[in-house]
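Hi,

Here is the structure I promised to pass on. Have a look at it first, and then read my notes below.

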Amino acid sequence: MVVLNRIYTRTGDGGETALSNGQRVRKDSLRVEAYGTVDETNATVGLARLHAEGEMHARLGLIQNDLFDLGADLSRPGVDRDHEAKYTPLRMVPAQVDRLETEIDAMNAALSPLRSFVLPGGKALAAHLHLCRTVCRRAERLAVALAAEGDVTEPAVRYLNRLSDWFFVASRVANENGAGDVLWVPGANR
């Protein structure tokens, strides 16, 4: 259980922070950039939820919780030493990715195929979901770079990849099942 009774600690004033295993690192380390961008993704989801209702609102809530799980995963190096931890580290699991795939397939079934790229826009929810998608893609790039160092779980990277797809399909659903999509017209302003 998390207990936050004091918000500032002054321990980061010198430009370092503690990872969830207690290790101190610079605040501009790749790991902190990765989980910080996951946190930023979560903040954009919070904005999108302001415009969502019903099932979409609920699904975005599940995603926000998953993103906290993902931040916990990324903030703990030493995947190969999880068995040595005092408690079982929270790691992403394939079922979280599978849920996104199931939801993408269900949402996409009601959409007509695209014949052009979609510009971010249309309804407010759709525009916010596009923002979620682009921030999520940045988080994915950072997680992939961190994975190249060999210390990220495979489901963590897969989750980010699938989540950006989820945001794209959900934006089309938010745009009246694609009817309100703003389509790119190549060379339209030449």
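Where is the place of S164? S164 sits in helix 5, and the helix and strand numbers I use count DSSP runs from the N terminus (helices are H or I runs of at least four residues, strands are E runs of at least two). S164 is buried, at a relative accessible area of 1%. For that term, buried is under 20% relative accessible area, exposed is over 50%, and partly exposed is in between, with a 1.4 Å probe and protein chains only. The S164 side chain also makes a polar contact with the side chain of R137, at 2.8 Å. A polar contact here is a pair of N or O atoms within 3.5 Å; within protein, one must be able to donate a hydrogen and the other to accept it, and residues adjacent in sequence count only if both atoms are side-chain atoms.

Before going on, a word on what you have: this is a predicted model, where local features need pLDDT of at least 70 and side-chain atom pairs count only at pLDDT 80 or more, while totals for chains, interfaces and linings use all residues. Residues are numbered from 1 along each chain as its sequence is written, and side-chain values use heavy atoms, with hydrogens and water left out.

Now the overall layout. The protein has five helices and four strands, and from the N terminus on they run β-β-α-α-α-β-α-α-β. Of its 190 residues, 42% count as buried.

Back to helix 5, this time with its partner. The axes of helix 4 (residues 124-148) and helix 5 (residues 154-174) come within 8 Å and cross at roughly 170 degrees. So helix 4 is roughly antiparallel to helix 5. The axes are lines fitted to C-alpha atoms, for helices over the stretch in contact, and the angles run from 0 to 180 degrees between N-to-C directions; over 145 degrees counts as roughly antiparallel. By class, the contact of these two helices has 17 nonpolar, four polar and four charged residues. Ala, Val, Leu, Ile, Met, Phe, Trp, Tyr, Cys and Pro count as nonpolar, Asp, Glu, Lys and Arg as charged, and the others, Gly among them, as polar.

(The expected span is 1.5 Å times one less than the number of residues.) After helix 4 comes G150, with a positive phi near 85 degrees.

What about helix 1? It covers residues 30-49, 20 residues in all, and reaches 29 Å from its first C-alpha to its last, close to the 28 Å expected. Its buried residues include V32, Y35, T37 and V45. T37 has 3% relative accessibility, and its C-alpha is 7.2 Å from that of R138, although T37 and R138 are 101 residues apart in sequence. G71 is in helix 2 (residues 54-74) and counts as buried at 14% relative accessibility.

Last, the loop between helix 5 and strand 4 (182-183) holds E176, and N177 is in that loop as well. E176 has a positive phi of about 55 degrees although it is not a glycine, and N177 also has a positive phi of about 55 degrees without being a glycine. E176 is partly exposed at 48%, and N177 is partly exposed at 38%.

Cheers

Conventions: Parallel < 35°, antiparallel > 145°, perpendicular 65-115°, else oblique.
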